[in-house]
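I opened this model to look up its pockets and its metal site. My entries are below.

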Amino acid sequence: MKLIRFGEPGKEKPGVLLNDGSRIDVSGVFPDYDEAFFEKGGLAALRSWLESNARGAPHVAASLRLGPPIRRPSKIVCIGLNFRDHAAETKAEPPKEPVIFFKATTSLVGPNDSLVIPRNAKKVDWEVELAVVIGKRASYVPKDRALDYVAGYALHNDYSERSFQLERGGQWVKGKSADTFAPLGPFLATPDELSNPGNLRMWLKVNGETRQNSSTSNMIFDVPTLVSYVSEFMTLLPGDVISTGTPAGVALGMNPPKYLQPGDVVELGIEGLGESRQQVVNSPLQQQSQ
Ligand code: ZN
């Protein structure tokens, strides 16, 4: 199944993207894709409901905005430096254990919403990533059972402001958490939609030029390892997101770096998880001060 949410920001309703490309509204039966939905077996209920009701369900116009495919979760956990080529371009050693950091959940937006450059930002950068959405409460999960805890996968752009992240002291969360810095989707794909999450092509372009072109097979730590590892340090709740790291090709690794400017267009995709597109705009206040 491919789960979507559609409508105005903050008022999204749940839907499903069918195999024929049409979108249906399931909000009459399922209130939202949130912690309670995943915790109470919502995915299985949705699957069985679709079998007899998909054809008669109300259609969603293709013109309607897509929101993030899940409601705002309790956490967005990110994995840093999970590709050797990205660690090298940022002049970091490949980590011996997964690097974990947080992204504020308020950064979550729809897949094609504009990327708003925050106040005083100078170094806004992109990171195409495979996001894992947790399906049930996970604490001290062994690696060989970790995939039982995965509800599905989605495309994510882990936007980063490098001066906030690396030059302002403290933790990376400063550079990862601005509003609009986590476009997720277009859809959440349940695991049966993907033949192998460990071998998916991933790419990102800026203004039509390829910047990132890799595969999830190049991760240092794979998805089962990451779910198990993160669950050693915190309880993951249904609907929580783990973003699994980015390959080489970010602006920070360029010489000289070419950070995002208003008017730029970022397009990205992961095999089986669709594509997204963000237009870069200044915050209204930023425009006044220029
Ligand atoms: Zn990242």
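I am working with a predicted model, where local features need pLDDT of at least 70, side-chain atom pairs count only at pLDDT 80 or more, and totals for chains, interfaces and linings use all residues. Residues are numbered from 1 along each chain as its sequence is written, and side-chain values use heavy atoms, without hydrogens and water.

Zinc site. I found the protein donors E127 (OE), E129 (OE) and D158 (OD) at 1.9 to 2.1 Å from the zinc ion. Donors are N, O and S atoms within 2.8 Å of the metal (3.2 Å for Na, K and Ca), and water is not among the atoms, so the site may look incomplete. I noted the spacing of the donor residues as E-x1-E-x28-D. E129 sits in strand β10 (residues 128-134) and D158 in the loop between β11 (150-157) and β12 (160-161), 29 residues apart. Strands here are DSSP runs (E, at least two residues), as are helices (H or I, at least four). E129 is buried at 1% relative accessible area, and D158 is buried at 0%; buried means under 20% (1.4 Å probe, protein chains only).

Largest pocket. A pocket is an open set of points on a 1 Å grid where a 1.4 Å probe fits, with protein on both sides within 12 Å along at least five of seven lines; lining residues have an atom within 4 Å of a point. I read a volume of about 370 Å³, the space filled by probe spheres set on the points. Of its 16 lining residues, G10, E12, P68, R72 and L108 are the closest to the centre.

Second largest pocket. I read about 180 Å³ here. Its lining has 18 residues, with L81, H86, R162, Q165 and W172 nearest the centre. Helix α4 gives the largest share of that lining, three residues.

Definitions and conventions. Buried means under 20% relative accessible area, exposed over 50%, partly exposed in between (1.4 Å probe, protein chains only).
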